[in-house]
Amino acid sequence: MFEPLIARYGLLAIFAGAGIEGEAVVVTGGVLAGRGLVPLAGVMVAATLGSFMLDQIWFHAGRRFRDHPRVARIAEKPAFARAERFVQRHPRKFIMAFRFIPGMRTVGPIAVGMSHIPTRLYVPLNLLAAAVWAPLLASLGYWLGHRAAKVIAIVSVVGLRVVIGLAAAALIAGAGYLGYRWWRNNRAKER
């Protein structure tokens, strides 16, 4: 889904997508970097900056527009309550971790923005977290892309014959098992 966009718009798509769709875009960017379509370092930088920028926007939305209907709707989500509790107990850890926690990508920076955490603390920690998150996911995509290419190459070399042979063996084994059960059930009925 993201491949055509990244192939067409390159690092700009990764910059925008890292903030909006997050993990999927960055991993896809890493896969495409593995294919040589975009530079891996560029994917890492674009994803870091895109993620950082959008999280800054959400943080300031929580800070300045807490009464706005859109922000209020986000604050009503169950994940928001969890985020608030975590922010209150471990603010620095939460800022470093929210982008790694499912369901916290949008609510996390808004919850931090609505808290009493100063901007001067949030900004450097958010940048550091983005600088860890983006290269990690881009590298994962790069690694997966290389592994997938090797698997496809092996299957094409080993060939369709082996895959068809294994599928045929599974069908024959399954039919044999069903035939045996049918025979056994009929034999039990005869007794």
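1. Leaving out residues up to four places away in sequence, Asn126 touches Phe52, Asp55, Gln56, Ile95, Phe98 and Arg99; contact here means heavy atoms within 4.5 Å. This is a predicted model, where local features need pLDDT of at least 70 and side-chain atom pairs count only at pLDDT 80 or more, while totals for chains, interfaces and linings use all residues. Residues are numbered from 1 along each chain as its sequence is written, and side-chain values use heavy atoms, with hydrogens and water left out.

2. Asn126 sits in helix α9 (helices are DSSP runs of H or I, at least four residues, numbered from the N terminus). Asn126 has a relative accessible area of 0%, so Asn126 is buried (under 20% relative accessible area, 1.4 Å probe, protein chains only).

3. Do look at the polar contacts (pairs of N or O atoms within 3.5 Å, one able to donate a hydrogen and the other to accept it; residues adjacent in sequence count only if both atoms are side-chain atoms). The side chains of Asn126 and Arg99 are joined by one of 2.9 Å, and the Asn126 side chain also reaches the backbone oxygen of Phe52 at 3.4 Å.

4. Beyond its neighbours within four places in sequence, Ile110 contacts Trp58, Gly62, Val71, Ile74 and Phe80.

Notes. Helices (H or I, at least four residues) and strands (E, at least two) are DSSP runs, numbered from the N terminus. Buried means under 20% relative accessible area, exposed over 50%, partly exposed in between (1.4 Å probe, protein chains only).
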